[in-house]
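Morning, everyone. I have a structure to walk through today, and I will keep it brisk. Please look at the picture before I start talking.

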Amino acid sequence: MEFADAAGFKPLTYEALTVGEEFVSDDHLVTPEDVETYAFAVDDHHPWFFGPSPFGGPVAHPTLLGNQALHLRHSKYIVHAGLHAKMEFHFLEPIRPGMRVRSRGKVIDKYERRGKQYMVTEFVTEDQAGTPLVRGQFTQMLITR
Amino acid sequence: MAIAEAIRVGQELPPLVKELPQRRIDAYSGVRPRSIHSDDGWARQKGFRTTLAQGMMSTAFISEMLTRLLGAGFVKGGDMSVAFIKPVYQGDRLTVRGVVKELRPEAGGATRVVVDVWCENQHGEKTAVGTASGLHTDAGER
């Protein structure tokens, strides 16, 4: 953890978090292996993931890149644990193997309710041309104890 | 086939049953120390009885249900809003359910099909609740 601290990462706390702060993920090349691993993980082997689809070739599961968005805060903070409270997705364009994708996010709210602390992040995931593929927002409960 | 004949308000969608062994959770979340999804000791230290599946896995299950219903009209044009209301633990068995709530005309002759969706565990307790929707066209491929 000292290494992470030295690299500029700080523990995620309610106080450290600022409404309006922005995150950017690394670029990620969507591979057939990603699609296959995801299909195994969620036990969904739709034929469009591996062959022709109405979109002209294989497409990935629409939620494939949810974790790229959900992990945005890890680009700045050391996150010991958290609980996902709410998720909103808008699927704009299919995700295809071979795309290089990136997610950007912005903290749009933080609040305390019934003794628990939450952060709300809006995000967009885009391909290499900047075409939005997925938009949405999510609410995460902070666990800092 | 006209939308009214194919999909109707109040229609129950065929449920999906999903087992959640640690192996699938690991494939979904990755394996790392100090993760409540893959490190049993860490999960217990954080107050849980064992490792948890990511809530996001339930969105994937709901997505599967809507893709089965609407096909391309969910992959492009679909949306979802879900609240995770109870932890899902490794070893749980989820049943994913949906009931058509609304049929809403959209531009271009498509119909937005809005579905109440939820997941319940093997004890009948709801773990996630929300709505999901997508576009239905007579020419849509499923």
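Predicted model: local features only at pLDDT ≥ 70, side-chain atom pairs only at ≥ 80, totals over all residues.

Let's start with chain A. Chain A has 3 helices and 8 strands. How are they ordered along the sequence? The pattern reads α-β-β-β-α-α-β-β-β-β-β. Now look at the overall dimensions. The C-alpha trace of chain A spans about 50 × 35 × 30 Å along its principal axes. Of its 145 residues, 30% count as buried. Now take the contacts in chain A between residues at least 6 apart in sequence. Of these, 71% join residues at least 24 apart.

Next, one strand pair in chain A. Find strand S5, residues 82-91, and strand S8, residues 132-142. The two run antiparallel, and 9 bridges join them.

Is Phe138(A) buried or exposed? Phe138(A) has 25 C-beta neighbours inside 10 Å, so it counts as buried. The cut-off for buried is 20 or more. Which residues does Phe138(A) touch, leaving aside neighbours within four places in sequence? They are Leu70(A), His84(A), Lys86(A), Met87(A), Glu88(A) and Thr121(A). Look at Ala85(A) as well. Ala85(A) and Phe138(A) are 53 residues apart along the chain, yet their C-alpha atoms are separated by 7.5 Å.

Now back to S5(A), and across to the other chain. S5(A) also pairs with strand S2 of chain B, residues 79-84. That pairing is antiparallel, over 5 bridges. Two pairs show it. Lys86(A) has Ala83(B) as its bridge partner in S2(B). Glu88(A) stands opposite Ser81(B). Keep one general point in mind here. In a regular strand, side chains alternate between the two faces of the sheet.

How many residues are in contact between the chains? On chain B there are 30, and they meet 28 on chain A. Which elements of chain B give two or more residues to that side? The list is H2, helix H4 (55-70), helix H5 (72-75) and S2. H4(B) gives the most, with 9 residues. By type, the chain B side divides into 14 nonpolar, 8 polar and 8 charged residues.

On to the strands of chain B. Strand S3, residues 93-105, pairs with strand S4, residues 111-120. They are antiparallel, with 10 bridges. In this pairing, Val96(B) has Cys119(B) as its partner. S3(B) and S4(B) form a hairpin with 5 residues between them. In the turn sits Gly108(B), with a positive phi of about 80 degrees.

S4(B) has another partner: strand S5 of chain B, residues 126-136. Again the sense is antiparallel, over 10 bridges. Here Arg112(B) stands opposite Leu135(B). S4(B) and S5(B) form a hairpin too, with 5 residues between the strands. In that hairpin, Gly124(B) takes a positive phi near 80 degrees.

Those were glycines. Most residues other than glycine have a negative phi. Asp43(A) has a positive phi of about 55 degrees. Where is Asp43(A)? In the loop between helix H2 (32-42) and helix H3 (66-70) of chain A. Asp43(A) has 18 C-beta neighbours inside 10 Å, so it counts as partly exposed.

Arg34(B) has a positive phi near 55 degrees. Arg34(B) is found in the loop between helix H2 (22-29) and helix H3 (40-45) of chain B. With 16 C-beta neighbours inside 10 Å, Arg34(B) counts as partly exposed.

That is my tour. Over to you.

How values were computed
Residues numbered from 1 in each chain as written. Chains lettered and ligands numbered in written order. Helix = DSSP H or I, 4+ residues; strand = E, 2+ residues; numbered from the N terminus. Buried ≥ 20, exposed ≤ 12 C-beta atoms within 10 Å, placed from the backbone. Pairing = 2+ DSSP bridges. Contact = placed C-beta atoms within 7 Å. Nonpolar A, V, L, I, M, F, W, Y, C, P; charged D, E, K, R; others polar.
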